[in-house]
Amino acid sequence: MFQRKEEILGSVLALIIVVTLLSSSLVSANLASEEAGVIKQAVSNTSVILMIGDGMSFEQVKLAKLVEYGLSDNLTMEKLPYYASVRTADYENKTTDSSASATAMATGFKTRDGYLGIDRKKVEVINIVEIAQQLGKSTGIAVTSPIYKSTPAGFLVHGDIEYDYDGIMDQIVETNVDVLFGGGSDYLTTERIDILLSYGYNITYTRDEFLTLNSEKLVGLFDGGQLPQEKLRNTSLVPSLAEMTTKALDLLSDDEDGFFLMVEGSQIDWGCHENDIVYAALEGIAFDYAVKVAYEYVQTHENTILIVTGDHETGDLKIVSSDLDDTLPMDLVTEEEIKNQRIARANDIEVTWGSERHTSKHVPLFIHGEAFNDIEKGILIQNTDIFNIMNQTFYGLPISITDISPPSTSETSSFKVLTMLIPLFIVPVFLVLKKRKY
Ligand SMILES: [Zn+2]
């Protein structure tokens, strides 16, 4: 009897092990074939919209939110379902400049200040625009700075040439990027115009023409240098970042292979460098309205992932207090009234500025994309992981990003792993207890 019970238990255990092994191999075979399917489909048509608030961290987001919505609502970027934090340090400094940060996001390499599209040893590295192009996708850039400034340049050119605007423009006109919107027409020489025309681009300098032009390849430059800041922008002459985003999506979405679009709210950074609360708030709000355009777009285009982040913090901004509970009054009719109300509300918020420069504070990351449903929220990642996310999306690979949070958080996750292992101990314990009965 004793012997038989032992034997039965032994065979049951063996059976459990065999069944478990079989089913897990079946599951992995299944996953592998599903993954292969995903890869094929994803490479053919996924799109990525990356939106960068220059100098934008959590307090800059809060500032724009308070001015526009008080405590009654959130910015659109805050409504994206996935969120995390990003460490922005570059290869040599805890506090990055915009070139190194753009290069990290565009290429996946931490590099040195001033370096564009090259690694720390000055080796040229492929960027996400070039990868998209290799996969047959359309590409676009829309910014409120000149197109030759650090962030857009980090996605377009290669070299230790941050302030060599002629050198940058010489490379930009050869990038074959499909849409290019922003400022910087002072550097669009006759020679460079001829090059663009020979590649089939339309070039426009006015908002009216821009809004009606339907050209596969379009360069729209609306100022000699940077675009006028929101507070001073003539809304009938210079398109908003939201209008540029709408136009870019309109043109790029015609490509059935998908597209890559980078949009930058370039001047949040400059508002913060000047410790100018109105400048920073209005640029942040304008950026969020561009995010709104993109967020509405991705609701109806399931193969498109939307990523919103900052490249670093600027100004060491802290919001001290605000009594703005309600949203901006909705009964304001003219753009001028709305703008003046925003200015008044921004001036009502009490803040401190700890710096006139960039800081090493983490920046937020907001994402809309199905692949993020099962990824842990609130983790801390490197800015180079933003490149990984985009690259993995384009190649249809599972999203793999690394949580670099300090130990306290990882202790929690090892506890989770231990909890999951508990069932493995139950079978042997059960056997030992059974044995003792006889
Ligand atoms: Zn920057």
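In this structure, L63, A64, V67, E68 and Y69 of helix α2 are in contact (heavy atoms within 4.5 Å) with I277, A280, A281, G284, I285 and Y289 of helix α11. The residues of this contact divide into 9 nonpolar, 1 polar and 1 charged, where Ala, Val, Leu, Ile, Met, Phe, Trp, Tyr, Cys and Pro count as nonpolar, Asp, Glu, Lys and Arg as charged, and the others, Gly among them, as polar.

The model is predicted, so that local features need pLDDT of at least 70 and side-chain atom pairs count only at pLDDT 80 or more, while totals for chains, interfaces and linings use all residues. Residues are numbered from 1 along each chain as its sequence is written, and side-chain values use heavy atoms, with hydrogens and water left out.

The elements named here are DSSP runs numbered from the N terminus, helices being H or I of at least four residues and strands E of at least two.

| Element | Residues |
|---|---|
| helix α2 | 58–69 |
| helix α11 | 277–299 |
| strand β2 | 82–87 |

The axes of α2 and α11, which are lines fitted to C-alpha atoms over the stretch in contact, with angles running from 0 to 180 degrees between N-to-C directions, come within 8 Å and cross at roughly 80°. The two helices are therefore roughly perpendicular to each other, a term that covers 65 to 115 degrees.

S85, in strand β2, is buried (under 20% relative accessible area, 1.4 Å probe, protein chains only), with a value of 18%. Leaving aside neighbours within four places in sequence, S85 is in contact with F58, H362, V363, I379, L380 and I381.

D311 and H312 are both buried.

Methods: Buried < 20%, exposed > 50% of the residue type's maximum accessible area, 1.4 Å probe, protein only. Parallel < 35°, antiparallel > 145°, perpendicular 65-115°, else oblique.
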